[in-house]
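Okay, thanks for coming, everyone. I've got one structure to walk through, so let me put it on the screen.

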Amino acid sequence: MLGDMTAPHDVFAPATLGPLTLRNRIIKAATFEAATPDALVTEDLITYHRLPAAGGVGMTTVAYCAVAPGGRTDGWQLWMRPEAVPGLRRLTDAIHAEGAAISAQIGHAGPVANARTNKATALAPMRFFNPLSMRFARKATADDIRDVTAAHANAARLAIESGFDAVEIHLGHNYLASAFLSPMLNRRTDEFGGSLENRAKVARGVVRAVRDAVGSQIAVTAKLNMSDGVRGGIPIEESLQTAKWLEQDGGLDALELTAGSSLVNPMYLFRGDAPVKEFAGAFAPPLRWGIRMTGKKFLREYPYQEAYLMRDAKKFRDELTLPLILLGGITNRETMDRAMAEGFDFVAMGRALLAEPNLLNRIKADSSVKSICDHCNLCMPTIYSHTYCVRTGSPSPVSSGR
């Protein structure tokens with residue numbers, strides 16, 4: 001372990017993240033809100049983030065703020081442009097009023113993008129067929145890569161204008177930068193293919209561009225896959241090397257470690273029950289029938305356990321001095337304290353806060369409090385309509401937008 005392990009952090013004590021001071025070390029992870037039907041901020045989106053902010057998080061993360069219209073996972077998703085700034089400013093003001101910070105997750109979905117609803121051709125390292133959109137993504141040219149890199153910088157500048165305290169660059173889940181890192185998805189023979197050094201150029205270039213654009217005005221973090229969870233995908237050894245390069249480049253204030261592929265193995269990130277029937281019901285025929293027949297291959301089941309990504313994440317902690325954010329199965333004080341004791345600087349929470357936005361205030365008052373989230377994952381299919389916990393109904397829609 002290269003970092004300072006002499007005194008574990010108090011997860012509820014104030015913490016420094018780049019130029020920021022957060023009121024604690026707990027971050028609401030980026031999870032699709034399905035609250036921007038016109039690709040602009042709604043009262044639903046504000047409520048979605050205001051509730052966990054009032055509930056005690058140090059920072060909440062808005063997902064997903066695409067850097068270009070063709071980089072969205074779906075056409076209703078927010079993308080960073082001047083028209084979005086007034087609404088984003090209302091959002092950031094509302095979160096700041098609750099005493100929390102707010103981050104914008106920026107990125108380009110690449111082969112994960114829904115070209116049909118985006119009405120724009122998706123990009124990928126190689127020509128790629130996306131069965132969810134029933135469209136091909138085209139092979140990105142060097143000019144495309146330069147444009148996407150510049151779009152990340154522009155999105156970061158708009159985030160500052162909108163009042164965000166941080167941006168999180170999406171380098172995971174086989175979105176564009178992650179797809180370039182994947183040996184399975186990137187079989188190019190040019191300067192962006194072949195060796196890991198070449199395949200990492202998109203991710204490293206995007207981070208440098210964002211840092212150059214924002215300087216020290218806001219914090220810059222990134223979400224990086226440790227493993228795709230598929231044969232032939234990104235192995236942990238390569239991901240660790242990429243993380244070392246990102247640390248050496250000096251563009252990040254922290255790195256959030258994730259796993260899984262939105263293209264072929266999403267449950268590798270989520271763990272718990274795989275809601276195939278409900279997921280199929282979110283789509284119209286014939287895709288619905290296809291998911292029902294083959295969904296078990298796409299939504300593979302992995303047993304849930306607390307801190308389920310910690311084993312792999314500790315390999316990164318042992319090799320890096322960069323602050324690290326532990327994601328995956330963080331639901332109670334005991335697990336948070338364990339993460340701090342293992343040398344992680346922050347923890348990120350998703351489903352538990354969706355079920356109970358006020359969970360952290362309850363845990364702070366009584367360290368024995370346990371989350372009511374049972375990892376049924378029935379929240380997953382709701383990302384196509386209005387994201388909420390089906391057990392508790394939280395958060396409920398507050399506008400007619402969704």
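Predicted model: local features only at pLDDT ≥ 70, side-chain atom pairs only at ≥ 80, totals over all residues.

Let's begin with what the record says. UniProt, in an unreviewed entry, puts a domain called "NADH:flavin oxidoreductase/NADH oxidase N-terminal" at residues 11-248. In the model that span is 36% helix and 20% strand, and its end C-alpha atoms sit 27 Å apart. The UniProt record, again unreviewed, also lists "DUS-like FMN-binding" as a domain at residues 312-365. That stretch comes out at 54% helix and 15% strand, with 31 Å between the C-alpha atoms at its ends.

Now, helix packing. Two packed helices are described by the angle between their axes and the distance between the axes. So how do helix 1 and helix 2 pack? Helix 1 covers residues 43-54, helix 2 covers residues 85-97, and they pack at about 20° with their axes 9 Å apart. Because angles under 35 degrees count as roughly parallel, helix 1 is roughly parallel to helix 2. The contact uses Glu 43, Leu 45, Ile 46, His 49, Arg 50 and Ala 53 from helix 1, and Arg 90, Leu 91, Ala 94 and Ile 95 from helix 2. Sort the residues of that contact by class and you get six nonpolar, one polar and three charged. As for handedness, helix 1 passes helix 2 in a right-handed crossing.

The other pair is helix 8, residues 236-249, with helix 12, residues 310-319. Their axes come within 11 Å and cross at roughly 35°, and this crossing is right-handed. On the helix 8 side you've got Ile 236, Ser 239, Leu 240, Ala 243 and Lys 244, and they meet Asp 312, Lys 315, Phe 316 and Glu 319 of helix 12. The class count for this contact is four nonpolar, one polar and four charged.

On to single residues. Is Arg 333 buried or exposed? Its relative accessible area is 18%, and the cut-off for buried is under 20%, so Arg 333 counts as buried. You'll find Arg 333 in helix 13, residues 333-341. Leaving out residues up to four places away in sequence, Arg 333 touches Asp 10, Val 11, Phe 12, Ile 363 and Ser 367.

Phe 136 sits in strand 8, residues 135-139. It's partly exposed, at 41% relative accessible area. Phe 136 and Ala 122 are 14 residues apart in sequence, and their C-alpha atoms are 7.3 Å apart.

Where are the cis peptide bonds I want to show you? One runs from Ala 63 to Tyr 64, with omega near 5°, and Tyr 64 belongs to strand 4, residues 59-66. Another runs from Ser 394 to Pro 395, with omega near -10°; Pro 395 is in the segment after helix 15.

Then there are two histidines. His 173 has a positive phi of about 60° although it isn't a glycine. It's in the loop between strand 9 and helix 5, and it's buried at 9% relative accessible area. His 375 also has a positive phi of about 60°. His 375 lies in the segment after helix 15 and is buried too, at 13%.

Key: Residues numbered from 1 in each chain as written. Heavy atoms only, no water. Axes fitted to C-alpha atoms, helices over the stretch in contact; angles between N-to-C directions. Helix = DSSP H or I, 4+ residues; strand = E, 2+ residues; numbered from the N terminus. Parallel < 35°, antiparallel > 145°, perpendicular 65-115°, else oblique. Left-handed = near helix turned anticlockwise from the far one by under 90°. Contact = heavy atoms within 4.5 Å. Nonpolar A, V, L, I, M, F, W, Y, C, P; charged D, E, K, R; others polar. UniProt positions renumbered as here; feature names shortened; annotations may be inferred. Buried < 20%, exposed > 50% of the residue type's maximum accessible area, 1.4 Å probe, protein only.
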